[in-house]
Amino acid sequence: MHVDALIAPLLNGSAQGALLLLAALGLSLTFGQMGVINMAHGEFLMIGAFAAYLVQQVIVASGLSIPVALPVAFGVAGLFGLLLEVTIIQRMYRRPLDTLLVTVGVGLILQQAALQIFPSQGVPVEKPAWLDGQLNILGYEWPLRQLFTILLAAVCVAALSAWLKHTSFGRRIRATVQNRDLAETSGISTRTVDRLTFFTGSGLAGVAGVAASLIGGTNSQMGAQYIIPAFLVVAAGGIGQLKGTIIAAWAVGVALSYFAYWTTGSLAQVLAFILVIVFLQLRPQGLFTVRTRSLA
Amino acid sequence: MTKPKPWLSLSGIGVFAVLLLAVAPLVLTDHWLNNLGKYCCWAIAAVGIGLAWGRGGMLVMGQGVFFALGAYAMAMHLTLETAGDRIPGFMVLYDPLAPLPMFWEPFRSAGFTLLAIVLLPVLLAGLLGYALFKRRVKGAYFAILTQALAVALATLISSTIRETGGDTGLSDFKYFFGFVLNDPANKLMVYLIAAALLIVCLLAVWQLYRSRFGELLVATRDAEERVRFLGYDPANVKLVAFVVSALMASIGGAMFVPIVGIITPAEIGAAASVLMIAGVALGGRASLFGPALGAMAVGWGQSSLGSTWPEGWTYILGLLFIVVILFLPNGLSSLPARFAAARRRPAEQPAPAIAVAELEEVRS
Amino acid sequence: MTDDSLVVTDLHVEFSGFVAVGGVSFDAHPGEVRFLIGPNGAGKTTCIDAVTGLAKATGSARLGERELLGRPVHKIVRLGIGRTFQTASVFDELTVLQNLDIAAGRHRPSVSLLRARRGVEESIEQALEETGLAGELATPAGILSHGQKQWLEIAMLLVQDAKVLLLDEPVAGMSQDERTATGELLQRIAAKRIVLVVEHDMDFMRRFATRVTVLHQGKVLSQGTVADVQADPRVQEVYLGTAGAATTAAMSAVPEPVAGTRQGQED
């Protein structure tokens, strides 16, 4: 019984961490590459969730619709990201803080549009029947929904890292992250790389949105809840560091879950905030850093 | 390029003071005067944001936190003043028998409340700023962390209904340090206090901007490492600007309470904090008057359009962020300087003309 | 060796396992224009970074009696170490006067920062005179020419009253006339202060160096007067092997250094 009290938040927190990781993955990619915080990233997540809902209007069988919704959400959110990059972000190079504010504006507009297109109380996304059960692992009941989130996060991380490592586009992205000027002079079209990165990063937000729609409500406000924790995860993990992001997401998820278990949900947020500040005192560059000699 | 004429900005503040303190009470109805008082409160916070963000380069996205410190300190005092010897009404609703929470007790004292309005933001901003700036946390990190704090505080207040009034907030204040708030004469007095405080804040940043500190702050914003190599600790420079801006937000929050008559978490959370930035961006982040005037404009939009045409207002606000920051990063107040510079140097050298325009903007 | 010499002993700097500087020792004294040269990646800038607290290092770097290593950047500056960077870094939006005023300000009490500046301090006027920027007092630094920016940086070090000036490629991108003017300026400054120059430009080095230290792969390869260094076969080999034959040819083409005699004339 005593152990159970410690294990339950751990399971719960791991799933929460996986969702955070999904939300943070794309952010980490775009922030790492362009030094730009896309505050509309949360709204891209919302777009993914609404995409799942729309797919269900066409494919009624929820068992099939969610697997279809995942790539659709990726594509739709990715296209929104691409559009944002082409119309606005590419005009604002070397003004990262201003870009942050501009995307706040984009986020506001997308939220309001969602509020007007869809019912204000949100829409229901049907959970597939195959996610209803529980799986018994080591004597503990794991809700399949939570396991699905963890699995989805694992697949996305694996796909992303394989893509970054083994494709030529991936290598170009990594080169641009590490030294934009050098990459440019070595003949890499950083413009194309930026666009592709933004598409992929935003697409990942869409995938996160599908996962989020299976756990919480799907409404115009849902993105706003994720952007800040996702950013804290990226900050704590270290810019452009995949393994740092994974560890940080899990740690923040579990910490939030324990704090919420011991205190209240709202106090948990304050405690998590203090935790991140304290952590940044110890490691201002995050868990893992790319060492450079440049001034910054 | 000579030194900007300080008396020009100073007389500008004088004109503004006359408009706010003498003209407005004569020509405006009570309703609009009250609204103007509310805009003044936002403008006070905006002047601080101009200092921290425009001059100091610190994007403070959580000024709602400091606004809240002043506002809730004031609101707690006014609530206790209204309740007299009894427990405040909203607390009785949730638990008639529980005593007054400990942290409310000192706010019975007017002196303590005023001190808290000044000291709480200074302490919190000092602590947070010290922790972040000394470890060289800046840019987007700083921006998001401040916003995270605003979200956390708003959530905390929302969830503590009995202690803070939760989402319904604190309201129904009858007295303001012994004055009956319903009395139109006292309402005018409260407005005049808020307007006068705005003028004081403008004078304070006017002096800061023309001082050596102002120059050092701009230098720190543009090349923090270089400043370090001149023997200064940039963390201290930024800390001072951040603390002053937090203090101004708190003062704005404190005056907001008697003027508007209610404070809720919605007035201090992420959205409210972003709204404060919007006005500063619109007016011109680095100029003297831009932040205050911009905040008043956005405040007007928020309280008129925001209630009559909320969907439209949100779109306008979103577009405002995009258009102003994309095309006019120094806000509306940079327009005259731009036109003037364009006229002085016809077409031959467009690039320096813009540089000069922006420079004048920074110093105006 | 005097009280106000810069003495670096057995300096080591590592970047995650990579040894950028492996046991470098050199010293610099007032009265000489000291050069630190070497091919790319030799560790020249890293040496300066270490001395100014930007890079973590072991070993010792002393100014007179005081150890510099281990102190934060701004404290090292307050001990009298000033530096410039490869890319000129001045405050573009501030005027020349404002730039210099900030540089001169570290001795002022904090409270005086809250007042506006009145008039121009004498040290600033001298520095303007010295660097030929007197006419640009009210010009925003951002629209100065490249060479003028470099001079402004040097002027900032002067008003900052730095005992040691560490200059990272001060003549990069300058015209021949500007180079000469800069070299002469450095010689004048060096009369009372320590001037240490990191440079690629061999011609500039030959004309103005009093003593030279050649670094190669994080170690001192050779040390001495320009003539000594040029005669050193190891130096020739390194420059032949890495920086190309042209440099070596250029190095041996000029038969004797002129810096020493020039300095004598200036004094």
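Biologist: In E2(C), which residue is the bridge partner of Val13(C)?

Modeller: Val21(C) is the bridge partner of Val13(C) in E2(C). Keep in mind that this is a predicted model.

Biologist: How do E1(C) and E2(C) pair, and over how many bridges?

Modeller: E1(C) and E2(C), the latter covering residues 18-28, pair in the antiparallel sense over 8 bridges.

Biologist: What about the hairpin of E1(C) and E2(C), how many residues are between the strands?

Modeller: There are 2 residues between the strands of that hairpin, and Ser16(C) takes a positive phi near 35° there.

Biologist: Which strand of chain C pairs with E4, residues 58-63?

Modeller: Strand E1 of chain C, residues 6-15, pairs with E4(C) in the antiparallel sense, over 5 bridges.

Biologist: How many helices and strands does chain C have?

Modeller: Chain C comes to 11 helices and 10 strands.

Biologist: And what share of the residues in chain C is buried?

Modeller: Of its 267 residues, 48% are buried. As for contacts in chain C with a separation of 6 or more, 67% of them join residues 24 or more positions apart.

Biologist: Moving to the interfaces. How many residues does the contact take from chain C and from chain B?

Modeller: Chain C gives 28 residues and chain B gives 23. On the side of chain C that touches chain B, helix H2 (73-78) and helix H3 (96-103) of chain C each supply at least two residues.

Biologist: How do the residues on that side of chain C divide into nonpolar, polar and charged?

Modeller: The side of chain C that touches chain B has 12 nonpolar, 8 polar and 8 charged residues.

Biologist: Then chain B and chain A: how many residues are in contact?

Modeller: 36 residues of chain B are in contact with 32 residues of chain A. Helices H6 (139-159), H12 (270-283) and H15 (310-327) of chain B each supply at least two residues of the chain B side.

Biologist: Which gives the most to that side?

Modeller: H6(B), with 15 residues. By class, the side of chain B that touches chain A has 25 nonpolar, 7 polar and 4 charged residues.

Biologist: Which residues of chain B does UniProt list as "transmembrane region"?

Modeller: The unreviewed UniProt entry lists several stretches, including residues 60-80 and 275-300 of chain B. In the model, residues 60-80 of chain B are 86% helix and 0% strand, with end C-alpha atoms 32 Å apart.

Biologist: How far apart are the end C-alpha atoms over residues 275-300 of chain B?

Modeller: They are 12 Å apart, and residues 275-300 of chain B are 77% helix and 0% strand.

How values were computed:
Residues are numbered from 1 along each chain as its sequence is written. Chains are lettered from A and ligands numbered from 1 in the order in which they are written. This is a predicted model: local features need pLDDT of at least 70, side-chain atom pairs count only at pLDDT 80 or more; totals for chains, interfaces and linings use all residues. UniProt positions are given in the numbering used here, feature names are shortened, and annotations may be inferred rather than shown by experiment. Helices (H or I, at least four residues) and strands (E, at least two) are DSSP runs, numbered from the N terminus. Two residues are in contact if their C-beta atoms, placed from the backbone, lie within 7 Å. Ala, Val, Leu, Ile, Met, Phe, Trp, Tyr, Cys and Pro count as nonpolar, Asp, Glu, Lys and Arg as charged, and the others, Gly among them, as polar. Two strands pair if DSSP finds at least two bridges between them. A residue is buried if 20 or more other C-beta atoms lie within 10 Å of its own, exposed if 12 or fewer, and partly exposed in between; C-beta atoms are placed from the backbone.
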